[in-house]
Amino acid sequence: MVVTPSNIPAPHTWAVGEIPTAANWNSYIRDAFNFPLKFRPIMRAAQTSGAGTSIGGAWTDLTNLVVEVDSNAGLNTGTGVYTSPNAGWYIVTGSVVVVPNSNADIAVRLWQNNSFMPPCAFATRHMSTADRGQVNVTKLVYLAANDTIRIQGVNSSGGNLATVVDTLESSFFETFFFSQ
Amino acid sequence: MATNFPKIPYIKTWATGQVLTAGDMNTQIRDTVDFFTARKPHASAYGLASSVTYNDNSWTDVPLDAISVDTHSGFDSNGVYTAAISGWYQVMGCAIFTPDSAFDRGVRFVLDGQPVSGISLVDSSNNGYSTGVCLSRMVPIVAGQNIRLQGWHNAGHTVASEPTGAGYLDLAFFSQFYSYTA
């Protein structure tokens, strides 16, 4: 079942003498419990295959993601932009993994609605020659319906750094609906 | 923003032959569903104009002076969160340091004065960038306990927090303790 913005069940206040019908039993009890149990919007994608992203010296969108789950079809896998299906608080996690470099700082951030929104969820890391560089961030974020959010990365090497495309150690992007 | 009720609906055990009342439907069904969907405790505070100078090799509270959401009025003006409901919380935090030379920076959570196991640590070079260090942990918090975010570094000199955003501390309630009874 795909949850759409119209079917987060609304609380129903029962009146004295009101007889529960099958219809409102299904709406206000079955559907109402099913939503928090298993129908909350969730998206999980990673660069497990495909072209990856070339992370530049300016903030660069994490693109070319492969979906593992996307309950509401909110993610544009090419651009890496997630569009919120329901208004509410989401737990959003992003990670960027790039190929080894001898002297670069890399950073990741969450970017909402094409603009800076304090607080900037932001993490950095310095890289040495032998190791892949990885940074991740997790944040509670309010998204109105149809708000967009994406993961961005940047590096200080003076050139571009490719993200790692890998089944185990790739960059990823997750959103999970927490609460209205 | 409305403040949610600081309680969790308590689900009673039904008896054979018990008549279902509107009161039961509202407290046992409506309020329970409403809690799961919209009223679980959650809070987010961040540094907007607050800042701090971190001494060398000394864990220091990250000042958080702005609030995005605080359903159970847990945050004080310094960004210390006191829980109204016992349970497991996903705690998410980040401290942002001003650009400086190469050294390590870290963050941790402190629960009622005791460090929570698990830190996040990064090194960052002198590339002119601010350095953000983030950490996420599931933390068991008892009602009345407080939790805060602390930052650390080993620069050998003082380092300032980012003046336009010292960091953030977010909490999301996930579950009561298994042994909880009302």
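Which residue stands opposite Ser44(B) in strand 4 of chain B? In this predicted model, the residue is Val69(B). Strand 1 of chain B covers residues 42–46 and runs antiparallel to strand 4, joined to it by four bridges.

Five strands of chain B make it up, in the order 4-1-13-6-10, with antiparallel pairing. Strand 4 (66–70) and strand 10 (131–141) stand at the edges. Each has a single partner strand, so one side of each is left without a neighbour in the sheet. From one strand to the next, the twist averages 10 degrees. Strands of a sheet pair through backbone hydrogen bonds.

Now turn to where the chains meet. On chain A, 37 residues are in contact with 39 residues of chain B. Several elements of chain A give two or more residues to this side, including helix 1 (22–39), strand 7 (88–98) and strand 13 (172–179). Strand 10 of chain A gives the most, with six residues. By type, the chain A side divides into 23 nonpolar, ten polar and four charged residues.

Next comes the interior. Nonpolar side chains tend to be buried together in soluble globular proteins. Here the largest nonpolar core has 71 residues. Those with the most contacts inside it are Tyr90(A), Val96(A), Cys94(B) and Ala95(B). Leaving aside residues up to four places away in sequence, Ala95(B) touches Val62(B), Val107(B), Val133(B), Leu149(B), Gly151(B), Ser161(B), Ala166(B) and Gly167(B). Another core lies apart from the largest one. This core has six residues, among them Ile8(A), Ala32(A), Phe35(A) and Ile29(B).

Terms used. Residues are numbered from 1 along each chain as its sequence is written. Chains are lettered from A and ligands numbered from 1 in the order in which they are written. This is a predicted model: local features need pLDDT of at least 70, side-chain atom pairs count only at pLDDT 80 or more; totals for chains, interfaces and linings use all residues. A nonpolar core is a set of buried Ala, Val, Leu, Ile, Met, Phe, Trp, Tyr and Cys residues joined through C-beta atoms within 7 Å. A residue is buried if 20 or more other C-beta atoms lie within 10 Å of its own, exposed if 12 or fewer, and partly exposed in between; C-beta atoms are placed from the backbone. Two residues are in contact if their C-beta atoms, placed from the backbone, lie within 7 Å. Ala, Val, Leu, Ile, Met, Phe, Trp, Tyr, Cys and Pro count as nonpolar, Asp, Glu, Lys and Arg as charged, and the others, Gly among them, as polar. Two strands pair if DSSP finds at least two bridges between them. Axes are lines fitted to C-alpha atoms, for helices over the stretch in contact, and angles run from 0 to 180 degrees between N-to-C directions.
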